[in-house]
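Dear colleague,

My notes on what turned up in it come after.

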Amino acid sequence: VLPMESQMRDKRQFPSVINAVYLLYGLLTISFGWAGYMAFGDQTKGSVSLNLDDGFVATSVKVSFSISIFLVFPVQYYPAFEVLERPLHARLGVAADPSSVRSRLSRYGFRAAVVFGTAL
């Protein structure tokens with residue numbers, strides 16, 4: 001949320017934009033839940049993937065869920081990275097130029113270490 005607000009041209013519009021996004025997300029979530037209930041009725045289990053029969057489709061859905069969780073996991077740390085990288089670069093004496101090789105290596109190394117450390 002913080003990076004989106006910082007990148008907006010008119011920051012005063014941020015509350016209405018974020019409310020619209022959350023409303024759309026809520027409607028999509030309700031729609032998928034309703035579709036799952038309509039498809040499986042009273043036998044609907046807690047996770048829609050548990051309602052699928054064994055086979056290629058069920059396996060591909062479960063693999064897709066796993067991949068999406070794996071890829072989205074680092075995104076939740078982006079605001080923390082924004083806050084922590086400046087002091088880290090200053091302490092290491094790394095140039096603030098984001099295109100320098102040393103800056104990119106320290107930034108990506110720090111991010112990878114945090115993500116892998118929390119995943120363990």
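The notes below go through the aromatic residues, the charged side chains, the surface and two further residues in turn.

Please keep in mind throughout that this is a predicted model.

I begin with the aromatic rings, where a search of the whole structure returned one pair. It is formed by Phe 81 and Phe 110, whose ring centres lie 5.8 Å apart and whose planes meet at 70°, and because an angle over 60 degrees is the criterion, the pair is classed as edge-to-face. The two partners come from distant parts of the chain, with Phe 81 in helix H4 (residues 78-92) and Phe 110 in helix H5, 29 residues apart. Phe 81 has a relative accessibility of 5% and therefore counts as buried.

Helix H5, which spans residues 101-119, also holds Ser 106. With a relative accessible area of 15%, Ser 106 falls under the 20% limit and so is buried as well. If neighbours within four places in sequence are left aside, the residues in contact with Ser 106 are His 89, Leu 92 and Val 94.

Turning to charged side chains, the charged end of Arg 107 is placed over the ring of Tyr 108, at 5.1 Å from the ring centre. The count of salt bridges comes to one, and this salt bridge joins the side chains of Arg 12 and Asp 10, with a distance of 3.2 Å from N to O.

Lastly, Met 4 is located in helix H1 (residues 2-7) and counts as partly exposed, with a relative accessibility of 45%. Apart from neighbours within four places in sequence, Met 4 is in contact with Phe 14 and Ile 18. Met 4 and Phe 81 are separated by 77 residues in sequence, while their C-alpha atoms are 14 Å apart in space.

Methods: Residues are numbered from 1 along each chain as its sequence is written. This is a predicted model: local features need pLDDT of at least 70, side-chain atom pairs count only at pLDDT 80 or more; totals for chains, interfaces and linings use all residues. Side-chain values use heavy atoms; hydrogens and water are left out. Helices (H or I, at least four residues) and strands (E, at least two) are DSSP runs, numbered from the N terminus. Buried means under 20% relative accessible area, exposed over 50%, partly exposed in between (1.4 Å probe, protein chains only). Contact means heavy atoms within 4.5 Å. Rings of Phe, Tyr and Trp (its six-membered ring) pair if their centres lie within 6.5 Å; planes under 30 degrees apart count as stacked, over 60 as edge-to-face and the rest as tilted. A charge sits over a ring if NZ of Lys or CZ of Arg is within 6 Å of the ring centre and within 35 degrees of the ring normal. A salt bridge is a side-chain nitrogen of Lys or Arg within 4 Å of a carboxyl oxygen of Asp or Glu.
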